[in-house]
Amino acid sequence: MKKIQMVDLKGQYEQIKDRVNNSIQEVIESTAFINGPEVHAFQKELEDYLDVAHVIPCANGTDALQIAMMGLGLKPGDEVITADFTFAATVEVIALLNLTPVLVDVEPDTFNIDPEAIKKAITPKTKAIVPVHLFGQSANMDAIMQIAKEHNLFVIEDNAQGIGANYHAANGTTTKTGAIGHVASTSFFPSKNLGCYGDGGAIFTNDADLAHTIRGIVNHGMYKRYHHDVVGVNSRLDSIQATVLRAKLPHLDTYNNARKNAAEKYTTALANQEHIITPYIHSESDTHVFHQYTLRITNGKRDALAAHFQELGIPHGIYYPIPLHSQKAYVDDRYDEANFTVTNQLVKEVFSLPMHTELDDEQITYITKTIIDFINK
């Protein structure tokens, strides 16, 4: 059996090696390293893939979230509601902009933000909602967009883990995640479903005026050189990262299907185990692209299982071990532990398995047998 990787970037690279190497060499020879033709070509190709009017590339996914909020004109003290159970970048940028983060609980099955919890958290100061398509599964965007409409709120999709997922709306339409809210962000960190070979990110929107504002923000607030019309930042996707993403984008659906196939095999092998809850898919299979395959271990053996995997050299992850409302940087007297019952339970139980495009049946069998044997002993 070949060595198990949490994310097998080298194996994926081997499949596109010639295209990547040749394209990077062309960028180097052109010396168009910033805002070159490869960036503009990738932007257009991603717009076509997502069926979204505007893609604005930037330096990383965290910048993408921050710039989206800057573009909406949110002001210090405005409240932004987001999920307690996610990576810190989502709340980090809210705090950096002197906005007020409002953390709420998540659904126990999908781990995505709970629309009912959103409703309870809305105040006159609330200006935006940030749903996270966690682990690759789309949040309940019908409910979230309806809440936003009723309360005149912005919706900023955090699509860092969900690129390529579809959302099937109640009205029968199907839309890519990231093309539903008023604006969205994504990350091209190397381990993402669509990842570059460094840092990268992008903002998506169908609002032409907002897109114009954001294009200035990412480039020091300039629309014309040395004319600074808005307060901006320096956040640009470089041409080498863009050419890597151009090489990968045509394969994204294939990559996501490989992840879904691996997930189905994991789920089949782990079915009917008393102390294991496998990932729930709330709609059609294409609504989950399995950035992570995350179990719940319900008999109190999660940490012992992690230690066992460590001993055997099997990669794994615990995403996430501490709720955001309990993190030192984001502790707030307003929070009541009774409002975070699901998150507080999840952090004790979640356990993520290796998930990437190159997983094979032998590896999956070994991983799942190891789990079953340990949990049931």
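**Exercise 1.** State how many nonpolar, polar and charged residues the lining of the largest pocket has.

*Solution.* By class, this lining has 13 nonpolar, 11 polar and three charged residues. Here Ala, Val, Leu, Ile, Met, Phe, Trp, Tyr, Cys and Pro count as nonpolar, Asp, Glu, Lys and Arg as charged, and the others, Gly among them, as polar. The model is predicted: local features need pLDDT of at least 70 and side-chain atom pairs pLDDT 80 or more, while totals for chains, interfaces and linings use all residues. Residues are numbered from 1 along each chain as its sequence is written, and side-chain values use heavy atoms, without hydrogens and water.

**Exercise 2.** Identify the element that gives the largest share of the lining of the largest pocket.

*Solution.* Step 1: α4 (61-71), α5 (89-96) and β8 (183-187) each supply at least two lining residues. Helices (H or I, at least four residues) and strands (E, at least two) are DSSP runs, numbered from the N terminus. Step 2: the largest share, three residues, comes from α4.

**Exercise 3.** Determine which residues of helix α11 are buried and where they lie around the axis.

*Solution.* Step 1: in α11 (residues 302-312), R302, L305, A306, H308 and F309 are buried. Buried means under 20% relative accessible area, exposed over 50%, partly exposed in between (1.4 Å probe, protein chains only). Step 3: the face turned away from the buried side carries the exposed residues D303, Q310 and E311. Step 4: just after α11, G313 takes a positive phi of about 75 degrees.

Terms used:
Arc of directions from axis to C-beta.
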